[in-house]
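Visitor: Please put the model up, and then I will ask about some of its annotated positions.

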Amino acid sequence: MGKVLVMEHPLIQHKVGIIRRKEVGSKDFREIISEIAMYMCYEATRDLKLQDVEIETPICKTTVKELAGKKLAVVPILRAGLGMVEGMLTMIPAAKVGHIGLYRDPDTLEPVEYYCKLPADCGEREVFVVDPMLATGGSCVAAIQMLKDKGVKNIRFMCIIAAPEGVKKLQEAHPDVDVYIGALDEKLNDHGYIVPGLGDAGDRIFGTK
């Protein structure tokens, strides 16, 4: 079973507390989402493998550590996931970026793919799927399945706020995926919104309310 890690870092908790406030406008909301993603990326990459490599300093030869094995990719779920990409790339600038677009069918309420563009070598990369909100879990479960269907084997999911229902659905559908959460909230309401949550992350990032 993949691990579920709720971030306890004070800076993350503080900044999540700011973006929950309804009076925070798009500019500040967007900037803080990016900052939270950066802090979360730092925590979520803590277990990346290292290898020894010999280099030469201005003084002598020595052995240092560098990242080993798989390269990284960031795949936001459109559109709200875009808000987390810049913060991730601040921490791992060499990562490649893919995009997955889903919409919910109004009749079946199931996620439908409308866009998917991934790095050509995504199957060899450690892929971070990012979306600010994990509510019902439908979109992230579908996005991760799309990646698996395209040959991606090493997947982690990162969200800023999650509902217990979404975490449960994700774990049941993809028990091999590690999940990183900024804050685990109380529940979903009757409209599928996270409580207390922060409203619609996409609308607040892009000012489309």
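Visitor: In which loop does D200 lie?
Guide: This is a predicted model, where local features need pLDDT of at least 70, side-chain atom pairs count only at pLDDT 80 or more, and totals for chains, interfaces and linings use all residues. Residues are numbered from 1 along each chain as its sequence is written, and side-chain values use heavy atoms, with hydrogens and water left out. Helices (H or I, at least four residues) and strands (E, at least two) are DSSP runs, numbered from the N terminus. D200 is in the loop between strand 13 (194-195) and helix 6 (201-206).

Visitor: Is D200 buried, partly exposed or exposed?
Guide: Buried means under 20% relative accessible area, exposed over 50%, and partly exposed in between (1.4 Å probe, protein chains only). The relative accessibility of D200 is 29%, so D200 counts as partly exposed.

Visitor: Which backbone nitrogen does the side chain of D200 reach?
Guide: Not counting residues up to four places away in sequence, D200 touches R79 and Y193 (contact: heavy atoms within 4.5 Å). At 3.0 Å, the side chain of D200 reaches the backbone nitrogen of G202.

Visitor: Which residues does G199 contact, leaving aside neighbours within four places in sequence?
Guide: G199 is also placed in the loop between strand 13 and helix 6. At 36% relative accessibility, G199 is partly exposed. With those neighbours left aside, its contacts are M133 and Y193.

Visitor: Which residues does UniProt list with G199 for "binding site"?
Guide: UniProt positions are given in the numbering used here, feature names are shortened, and annotations may be inferred rather than shown by experiment. In an unreviewed entry, UniProt lists G199 for "binding site" together with I194, D200 and A201.

Visitor: Why does L134 count as buried?
Guide: L134 is in strand 9 (residues 133-134). Leaving aside neighbours within four places in sequence, L134 is in contact with residues including F157, I161, V167, L170 and I194. L134 counts as buried because its relative accessible area is 2%.

Conventions. A polar contact is a pair of N or O atoms within 3.5 Å; within protein, one must be able to donate a hydrogen and the other to accept it, and residues adjacent in sequence count only if both atoms are side-chain atoms.
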